Structure formats: C-alpha cells, structure tokens
Amino acid sequence: MREMIKMVVVLVILSSFSGGLLAAVRNSTKDKIELQQLTFVKGPAIKSILDGASNDPIVDRFNIEYEGGTASFYVGVFDGQPDRVAFESAGKGFGGDLGLMVGVDIKADKIIGVGVTTHSETPGIGSKAKTDPSFTRQFEGMDLIDSFQVKTDGGQVDAISGATITSRGVAFGVTQAGALYKALKPQIEAKLKEFK
Amino acid sequence: MNSQKKLIVSHAPFLHNGSKISERHLHIIYAALPAILLGGLFRFGIPAIGVVCLSVSTAMLWELIMNRAMQRPVSIGDGNAALIGLLFAMLLPATAPWWLVITGTFVAIVIGKQIFGGIGGNAFNPVALSIAILMVSWKDFFDFNAMLVNYDPDFIMAYPLAALKNFGVSGIEKYSIGDFLVGRQSGGIGATFGIGLILGGAYLMIRGFIRWEISLAYLAGVFVTAQLFNLIDPVHYADPFFHIFTGYTLIGAFFLATEDSSSPVNFIPMLIYGAAGGLMTVLIRNIGAYIDGTVLAILVINLIHPLLDKIRPKAMGKVV
Amino acid sequence: MAKSIAQEFTKGLWEEIPPFRLVLGLCPVLAVTKTVENGIGMGLATTFVLVCSNILVSSLRKIIPGKVRIACFIIIIATFVTVVELVMQAFTYPLFLKLGIFIPLIVVNCIVLGRSEAFAFKNGIVRSLADGLGIGIGFTLALASLGAVRELFGNGTLTIWETPIQIFGPSFQPFTFMVEAPGAFVCLGLMLCLMNLVGSK
C-alpha cells in the first residue's frame, strides 16, 4: 500500500512539474513563434509576390470567414491603390502537403504571382518548386480559369522535370485558389474599400 | 529436425557441367562479343570503345580494391568482374560520361556483389542493380534520344521504346523488325544488334553455360504478355516482336536473367522465374512510368527467386 | 572497474557512438540526414534532451519507484522534447520546418530512453551528465558525417548554416539516389563497414 501511494505521488508530482514547465515555456515563446511563422513561412512568398508594394503586407492583413474556414488576405498597395491581394492555398505534393501563396490583381482578375510556402518534397527535385522561380513564374499574368494543369495532363504549365507530382500539386493549389477567390470576391472588395 | 537433415542425401539439384568458373565467364564474354563488336563498336565508334574499356577496367579495379580491403584472395582471375564490366557497358549509351561508368561499376561490384560476399553470394544481378540505381539518379543519361543526338546514321535514330511510349503504335510504324535484327536501331552499346545477341545466347544455351529454360521462358513471357496487350488494344500497345527486339529485352533474357546466384536451379522454378520476368518487362513498358522495364523486371524476379527455390523435388527417403 | 568521468564522456565519441556502434536510433539517422545542417540540428536537439533527462533521472533515481520508472522516464523525456520543439520554433524556425515530425519523435528514440534506463538510473549526476553529453555529441557527429556524405554526393553541396555551399561546381550531376531513402540505408551500411574496417586494425 505504501508503495502504491508513493508511485502515485511521484507520478503526480512529476507530471505537474512537467505541465508547469511546458506552460511556462509555451507562454514565453508563443508570440515569437507566431511572428516566426509569418516571416519565415509566408513572408518570403508574400514579399516576392507583392514586390514593390508601398506598405507592409504582413501588417496590413484581414481575415474573411467563409463556409469551411477562415482565409487571411495580405494587401499590397501599388500607386496608392490597394488593389492586389495575396492569400493562401494548398495542394498535395510528392512528400505531403504543399502550402501555396497566390497573388491576384483584383481589377484585372489576373494572377500576379504564385509562391510555395511550405513543402516536404525531395531536395533537389520537388523542392525546385520553391527554389527555382522559373516554374512558378509561369502562372504570372494568367487569367483565373477554372482548372490549371501541367502540360502532360493537357494543361497550360510546364512541369518541373522529374517532379510531375509536385507540379500537379501546385497547379491544383492554384486552381483551388481561383475558386476561393471567385467565391469571396465581393467580400474582398468590401474589405479593401474599408482599407482606404 | 536438424540432426535428421544431416543424414539425408538428396539426389537433386546439383548443376555441374565440368567447367571451371573462369572458363564459363570467358565463354559468356565470347558470346557477348559479336553484339558489342558489330553492334556497338562498329556503329558507335570511338566513344563506345572508350566506355567498354573503362567499364571493364574499372570493374576489375574495384574488385581488386575490395579484395584488398576485405583481406581476401584476389579474385579478378575468375573473370566475373570483367564480365560484369562488359555487360554493364553493353547497357550504356555510347556517349556515357566517364564518371557515370566509374560510379556504375562501383555500384555493381561493391554494392551489388562484394558486399554480399563476392561471387555467388549476390541476391541481385549486380549489373541490373547498378543500371537501376543509375537510372533513378541520372535519368537524362539514359535518354538514348538525347545521348545519341550526334549520331546521324542512315536509319531512324529515335529510341524505339521512347517512340512507343510517347506516340503509341502509330509512332513505331516506320521501324522494321529486320532493322532491329541487324542492329539498325538506337540503344545501349551492346543491346542493339539482335542477331548477335541471339547467336551469343544460342551458343551459351547449347554449350550449357546458361539455362535455356530461363531465357526461353523469359522471351515467351514477353511474347505472351505483349500479345495479350496487343489483342486488347492494338492502337496503344505494340506487337510482341517489337518488344522482343527492342530495348534490353534480348540482352536481359540471355545475359542478365540467367546470372548464376540470382536465378533458380530447378525446372519449374526456372520457367516461372523467366516468365515472370517477361511479364514484368512488358507491364512496366506498357503501363509503368519507365520507358524500358527490363532491368527493373529482372530485379523483381531476383527478389522472388528464393521463394521459387522452395519448389523442389522431394528428397529421397525424407519423411514429412 | 569504474571508469573515470572523462572516460564516460569519450566513450560516446567512438566506442559507443550511437548509430554506428550501438546501432540505435536509426529512424532519425536515416530520415533527416539529407543535409549536414539537418543532421547537426537533429543531433543538438537530441543532445539537449539526453543531457537534461540524464541529469533529472539521475538526481531523482532514489525517489522514483522501480515499478513505474519507465513511465517517469517518458514524462521527463517528453517534457524536454516539447521544450526543445517550442524553443526551436521560436528561434530557429527554418530548421524546425525541415526536421518537422522528427523533433517530437525524439521521445521514442531508443538512445534517450536507453541511456536513462541503462546509465542514469544507476549512476550519479556528474557521471550521467558526462555520459549524456558524450553520447549526444557522438550522435551529432554521426548524423553530421552521414548528412555530409549524402548531401555531398546527392546534391553536390554542403549546408552548414542556411546557405548551401557548392562543392563540385555547377557542372556536377547529383547522384540523387543518395538523398532518397534507399540511399540512406546503403550509405549507413557503407559507413558502418568503414568504421569496422578502421576499428579492426
């Protein structure tokens, strides 16, 4: 009996010590982690898509809630007009989920840029989607059509050599982004008006 | 159980034809020579000679290095390393760069053979293993269209299997079996000259250096599978003769699938082994992502070979 | 014969260097060593967990009842792993992204639990510290060397801190097989073979 009680007491003390330590560490790192995520994951993609904006898109962001989730939109001000937004999308790659950032020109309904934020593709092959801009640059200036596909599937974009699945994932993500954008366009425009 | 086993003398399967290992390898090399000399060196010229010489010499060098490193008797004399080097070169395009050849023979000899304990211990055919690893790493160097772009002979230089993959049967109408047989096609150094390979294979089978069951079952497997595909959809899938005389099929049937330690020894297993190889080859070519499935098919049948060896005659007097 | 504290430390560097001599903790060894940087990062994270859990287990060894010792070890180890995970997220985010799931998986790394069970539970704090540090640094070295070989041949580069350094120049054709999973096994096997070759002399 004594042994039983000792076991319980030791385990309880250890667990509560562990819980307390973790809570403390989490509290002190929470803000930093959020900032890190914004700057490292989405930051570079946003910056390259909205290159030349006169504001800081990471600061000027707004959320729109819709059926199935919330989307964050990063606003880029060009020539005094906040008419370009970047937002997130996702596709399935060879090694797992592919996070994408897609930029759209609200006035022309055209894609202004696509960037890969997170991925777990093979280094040197699928990772080219992120490191080699010549692939994602293909999307620039395209209209937001219903379906983007790689050329081997009868679509519009050249796949990265050796990484057809990754390329398909990116194309699928852009397709998704187009659909989301079309569904939320009225709300985006309303928010942008407020922004002025 | 174990003590019982020791006393049983089983009658089969002991395969022995009275020749020494070195003599066997020498004869296999002889048999490969017509395909290399007439099909490869004559057709592709100086670069092909360079690739073959480099491949054979580095294969022997790796063997020597591994012998020294593992403190074993030097085994270059048995000709196995030279044979591996030669077969490896036969599968390469004539313009393969020097480092590709050296890495390839390293993979074949060190990872494919010596790590498993040298000759007779390898689970996979070293040549097929090496080609498969290199194909995964450097796809571009096994693209015969791009590699042989500087040759301009009097026949169609596009790689037949690539044409089939990209354009279906309509893309291969211009090819003729006769051209394939006399080596008027694109491909590996020693893999283009059909008659040479068949003559070499026939010589080896008649002399008993390779088992006719494996080779013929392999070709039959290719033929039957390709015929079935062709019957179902003649627009997409080429006829069986096309499959037999292009790519690595012939060299695979006569020189790769029959490699000693990675192939079975009994009659029925040999037939299954060969036929499964033929089936896989055509499946990979027709449905899979790769242009030529021969080396991969051979690795797959190497994998099932231990299982096939379980099918064997009952030992005499053994009580179950 | 009791070893000196210095010996406890140095045994982790050669005699009992984890992946090569003990052949433990192979999961991260094979999975994250695509680049040198990943290898070092993973190794340092594991080292931190090893040292902290060794110290704590050894200082609590008189209090922890024998019957629930494994549960206690796991609580201690899991706590430190989560701390590492949070700290890495806060300060070295890009590295955290690359290592991903393998940071939480340090919890089930047999080296960490193995050292707690086999060493720290029976030895004093200073010895346990030396042991954890030695094994951890050995693990880091092993990961870094494996990562270096794989990255060098598989990608032609060496990544120490964020930026890959081209070693063979732009005309190098990467041996992609090495950064794939089967290449990891082959590479580990060849390195084990080399170590045995050197060790046997």
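This is a predicted model: local features need pLDDT of at least 70, side-chain atom pairs count only at pLDDT 80 or more; totals for chains, interfaces and linings use all residues.
**Entry 1, the side of chain C.** I then looked up which elements of chain C touch chain A, and found that helix H5 (69–91) and helix H6 (93–99) of chain C each give two or more residues to that side. H5(C) gives the most, with eleven residues. Sorting the residues of this side of chain C by type, I noted 18 nonpolar, five polar and four charged.

**Entry 2, extent of the contact.** I recorded 27 residues from chain C and 24 residues from chain A in the contact. Chain C and chain A bury about 2300 Å² between them, and 80% of this area lies on carbon and sulfur atoms.

I looked for salt bridges between chain C and chain A and noted a count of one; it joins the side chains of C:Lys67 and A:Glu3, at 3.9 Å from N to O.

**Entry 4, surface of chain B.** I turned to chain B and found a nonpolar surface patch of about 610 Å², to which B:Trp212, B:Leu216, B:Phe267, B:Ile268, B:Leu271, B:Ile272 and B:Ile311 belong. Helix H11 (212–232) and helix H14 (267–286) of chain B are the elements that give two or more residues to the patch, and H14(B) supplies the largest share, four residues. I also looked up where B:Ile311 sits, and I placed this residue in the segment after helix H15 (294–308) of chain B.

Conventions:
Residues are numbered from 1 along each chain as its sequence is written. Chains are lettered from A and ligands numbered from 1 in the order in which they are written. Side-chain values use heavy atoms; hydrogens and water are left out. Contact means heavy atoms within 4.5 Å. Buried area is the accessible area (1.4 Å probe) that two parts lose on being put together, summed over both. Ala, Val, Leu, Ile, Met, Phe, Trp, Tyr, Cys and Pro count as nonpolar, Asp, Glu, Lys and Arg as charged, and the others, Gly among them, as polar. Patches are made of residues with over 30% relative accessible area and no salt bridge: like charges are joined within 9 Å, nonpolar side chains (Val, Leu, Ile, Met, Phe, Trp, Tyr) within 5 Å. Accessible areas come from the Shrake-Rupley method with a 1.4 Å probe; for residues, only the protein chains shown count as cover.
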